[in-house]
Amino acid sequence: MSFSCPDVRARFAPYAAEALASEERRFVREHLAGCEACREEAVAADPTLLFAANAPFEDVSAADRARILEGVRAGVALKQAERRLAGGPVRRKAAVAAAAAVVVLTLALSTSGGPRRASAPTGPASAAVTPAFTAFVKASADGPAGETGTATVYEIAPGAGSDEPRVVWIVDRSLDI
Amino acid sequence: MELVYSESRRRIEVEALPDRELAVAARGGDSAAFETLVTRKLPAVVSVARRVLGDAEDARDVAQMVFVRVWEELHRYDETYSFNTWLYRIATNLAIDFLRSARSRERAHGATLHLVRMREELSASQTTRGAEDRELNRVFEEVSSRLSGKQKAAFLLREMEDKDTREIAEILNCGESTVRNHLFNARRILRREIARLYPNLASHGPRSKA
């Protein structure tokens, strides 16, 4: 299909009204790109048709390309650093949550009913719990527990004479706080 | 030495890849693929940003932001769809956001330095085809200053980039009927602004600003 000048001029109004099929629209644009007389007629009919032409891409100089690419590299490096930092606290929170869960579980076990509590000789449950917290220490490096290559070992030592359980908590060094 | 050779060979390999494959490779951590994508798409992104913003320096800043955003969002890219459409969506959104903030700044300062600069550039018209294209862009920048960001983006994607309404709807993340509304309103405002700023344009061409 090819359009003559009158064919094209008859399509200015439907072009601006978005009423042309894509094929017709393409022919109008191609014709306008090569026909100065029709371009003038088009602008007289509807000045917005002045812009009915594929605009060429911007010239981006080699220096600008290099500058933008450097900026993108720097921006990506910054985002990578932000992601690493954002990852840290999440892991720490996970470690804290895990620690809290262990402690709560330990307390729940130690303060719940059962044979051990039934045999506890003195006081309410809270009294039995307090010594466990005060005895919550990082295990000695030279003891049976302590620092290993990838983990730190903590121990809840209930103290002599207590019937509270002894709890050993092994924490991956990368998650330790 | 082997590493340098491998990197340069990889760059040559990735340059032959289509956009989608580059995007997938970049998502997998292939920095050569990502940089090839940046280099390949830079003129298109700068052009869209330039037409939305009307300022070459701002367009370069936005282009940089666009590619950092592309890197951040690559995991969301669905390679069953056109990479160009996805890229244009990011580019137009960031350019529109930038335009809004720039307009806010202009309003806040009561200054239109940008328009003054454009008028100065317009007075230095030249006769080459490239200069005519640039002049047309400048006319558009001036008469489109009353368009909203979405109206402006829809119009330039339709007329200057020759995108169809379906693709514009995907880029602007709205319905096709909304795109048609944007186009209708953009033409109405542009006609009014052209009549106001370039009353003799229709009879004498784009250089006849009153």
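In the predicted model, helix 9 of chain B, spanning residues 165–172, contains the buried residues B:Thr165, B:Glu167, B:Ile168, B:Ile171 and B:Leu172. Viewed down the axis of helix 9 of chain B, these buried residues lie within an arc of 160 degrees, and they therefore line one face of the helix. Just after helix 9 of chain B, the backbone at B:Asn173 adopts a positive phi of about 55 degrees.

When residues up to four places away in sequence are left out, B:Val66 touches B:Val45, B:Ile90, B:Ala91 and B:Leu94. The C-alpha atoms of B:Val66 and B:Leu42 are 9.7 Å apart in space, and the two residues are separated by 24 residues in sequence.

The contact between the two chains involves 27 residues from chain A and 35 residues from chain B. On the side of chain B that touches chain A, two or more residues are given by each of helix 3 (31–53), helix 4 (56–73), helix 7 (129–143), helix 10 (176–197) and helix 11 (201–204) of chain B. Helix 3 of chain B gives the most to this side, with ten residues. By residue class, the side of chain B that touches chain A comprises 17 nonpolar, twelve charged and six polar residues.

Key. Residues numbered from 1 in each chain as written. Chains lettered and ligands numbered in written order. Predicted model: local features only at pLDDT ≥ 70, side-chain atom pairs only at ≥ 80, totals over all residues. Contact = placed C-beta atoms within 7 Å. Helix = DSSP H or I, 4+ residues; strand = E, 2+ residues; numbered from the N terminus. Nonpolar A, V, L, I, M, F, W, Y, C, P; charged D, E, K, R; others polar. Buried ≥ 20, exposed ≤ 12 C-beta atoms within 10 Å, placed from the backbone. Arc of directions from axis to C-beta.
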